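User: Let's walk through this one together. I'll ask, you answer.

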Amino acid sequence: MNRKQLATALEPLTQGVFKNNATFRLVLGTCPTLAVTTAALNGLSMGLATMFVLVCSNAIISMLRNFIPRKVRIPAYILVIAAFSTLVQMIMRKFLPDMYETLGLFLSLVVVNCILLARAESFASLNPVLPSVLDGLGIGLGFTFSLTLLGFIRELLGTGAVFGYSIEPIVEAGLPMTIFVLPAGGFMVYGFMMVIFNAAVKAAENALNARKAARNADAADGTKIDEVEKSEVADTENADSGSSNSDERHEERSAAEGGAV
Amino acid sequence: MPYVLLIIINAVFVNNFVLSRFLGICPFLGVSKKTETALGMGIAVIFVMGVASVITYAIDLALVAGGMEYLRTIVFILVIAALIQLVEIFVKRFSPSLYSALGVYLPLITTNCAVLGVAIMNVTELTEVNVLYAFVNGVASGIGFTIAILILAGIRERMETADIPASFKGFPITLLAASVIAMSFAAFSALSF
């Protein structure tokens, strides 16, 4: 597999984290997002639990996509999802009883998380197993990342702690604002983070398009094209300049987004 | 009787389903653009929650008797999905006018976590539980949902003409409005007993 194919194959993964970020871009699965993010660790565990269910259910639904009749597909998807969320519930109850208590009701409610049904319907039921698993992984990672970020901010502002370890100077100065761990603060932090995240993704996309436009302008200009291609070949030591083009674009994008966030 | 009153005040105000428990946020944000659609959604939710509470309570008795509590999630969600289909057929047959009012919202309710939430809460969180209390809790929670979504819809209708910064348009400003509503509902926590 050359680099271009690899980049296309991994596209669902990167898209799930940034462009199709479930929390900030698609606005799916908002109930657990707001309810469990009173602390970073809760957000992280909720995200990981959801990711596990998402990857497994995407894989199974994609395997069965040619056998499930169109008419009963929604109940069939729900059954698959419910089986895996029950599994997660049982595993957590056995090995992480404290976290099981904290997440409580919302662990059962993974089954009605709209992210799962949305990905089953719009991706897993149309694509082969491997891309579906990658899509589940990408969306799941994006969800985990967003939940942990929101939890981190709310925990720090609300209780002056980071992942459960309270930071003495902040607490002693009386800076923690309880409102941020209350429901009202949840809505507020979510709203502001959505603005920031969308602005960052938009900026990254604009930068990318500007690059692309500049490249096209170069290509139109006959004198410059040789230079560009030469440098690219030298950079990547790849004879196929088309593939190196798309690869570079990909790397730039992830780098830009990583920096922006 | 006082316990019924307690359940109602608790479900509608103190632990409002949307604003304090964070259940049913998806329809709360998604279907709150206009007051009429919000009201339609709210009534559909009250209806389904009331019926679902009674049926899942009965099924839970059977599950507990058989020692199969671990099947709760799967059984409840299947029952709720089937129930919503049945309700849709039933309403279509016997009350076309109600069907045309609720029609579009009924299928959406399947993935409304508030319905599954209230079903699970009825059997795990109520201190005293029987069919009546389960039913009252279901209906009252639905009413709490309706009140919250109606307030938000009213605010969003006003905001349509407001001058909002471009990056705040859509979901972010709605979330901030919800935050203010949640803040005012937080005052009800003084009523908790």
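**Interface, core and helices**

Analyst: Starting where the chains meet: 30 residues of chain B are in contact with 32 residues of chain A. Two residues are in contact if their C-beta atoms, placed from the backbone, lie within 7 Å.

User: Which elements of chain B give two or more residues to that side?

Analyst: Helix H2 (25-30), helix H4 (72-94), helix H7 (113-124) and helix H9 (171-186) of chain B. H9(B) has the largest share, 9 residues. Helices here are DSSP runs (H or I, at least four residues), strands are E runs of at least two, and both are numbered from the N terminus.

User: How do the residues on that side of chain B divide into nonpolar, polar and charged?

Analyst: There are 24 nonpolar, 6 polar and no charged residues. Nonpolar covers Ala, Val, Leu, Ile, Met, Phe, Trp, Tyr, Cys and Pro; charged covers Asp, Glu, Lys and Arg; the others, Gly among them, are polar.

User: Before I go on, what am I looking at, and how is it numbered?

Analyst: This is a predicted model, where local features need pLDDT of at least 70, side-chain atom pairs count only at pLDDT 80 or more, and totals for chains, interfaces and linings use all residues. Residues are numbered from 1 along each chain as its sequence is written, while chains are lettered from A and ligands numbered from 1 in the order in which they are written.

User: What ipTM and pTM does the predictor give the complex?

Analyst: An ipTM of 0.84 and a pTM of 0.80. Chain B averages a pLDDT of 84, and 95% of the residues score at least 70. pLDDT is the predictor's confidence in each residue, from 0 to 100.

User: Which elements of chain B have the lowest and highest mean pLDDT?

Analyst: Helix H6 (residues 105-108) of chain B is lowest, at 71. H8(B) is highest, at 91.

User: Back to packing. Which residues have the most contacts inside the largest nonpolar core?

Analyst: B:Val115 and B:Leu116, in a core of 112 residues. Helix H8 (residues 131-159) of chain B gives the most to this core, 11 residues. The core also draws at least three residues from each of domain 1 (11-181) and domain 2 (182-261) of chain A. A nonpolar core is a set of buried Ala, Val, Leu, Ile, Met, Phe, Trp, Tyr and Cys residues joined through C-beta atoms within 7 Å.

User: And what does B:Val115 contact?

Analyst: B:Val48, B:Met49, B:Ala52, B:Ile80 and B:Ile109, leaving aside neighbours within four places in sequence.

User: How many residues of H7(B) are buried?

Analyst: 11 of its 12 residues. B:Val115 and B:Leu116 are among them. Buried means 20 or more other C-beta atoms within 10 Å of a residue's own, exposed means 12 or fewer, partly exposed is in between, and C-beta atoms are placed from the backbone.

User: What do those buried residues pack against?

Analyst: H4 and helix H8 (105-108) of chain A, plus helix H3 (35-65), H4 and H8 of chain B.

User: What about the length of H4(B)?

Analyst: Its 23 residues should span 33 Å at 1.5 Å a residue, and the end C-alpha atoms are 32 Å apart, which agrees. The expected span is 1.5 Å times one less than the number of residues. Buried residues in H4(B) include B:Phe76, B:Ile77, B:Ile80 and B:Ile84.

User: Where is B:Ile46, and what does it touch?

Analyst: B:Ile46 is in helix H3 of chain B. B:Ile46 touches B:Val139, B:Gly142, B:Ile143 and B:Thr146, not counting residues up to four places away in sequence. B:Ile46 is partly exposed, with 19 other C-beta atoms within 10 Å.

User: Switching to chain A. How many helices and strands?

Analyst: 14 helices and 2 strands. Buried residues make up 39% of the 261 residues in chain A.

User: How many residues of its domain 1 are in contact with domain 2?

Analyst: 17 residues of domain 1 are in contact with 14 residues of domain 2. H10(A) gives the most to the domain 1 side, 5 residues. The bounds come from an automatic or database domain assignment.

User: Now backbone angles. What is the phi of A:Val27?

Analyst: About 50°, which is positive although A:Val27 is not a glycine. A:Val27 is in the loop between helix H3 (22-26) and H4 of chain A.

User: Is A:Val27 buried or exposed?

Analyst: A:Val27 is buried, with 21 other C-beta atoms within 10 Å.
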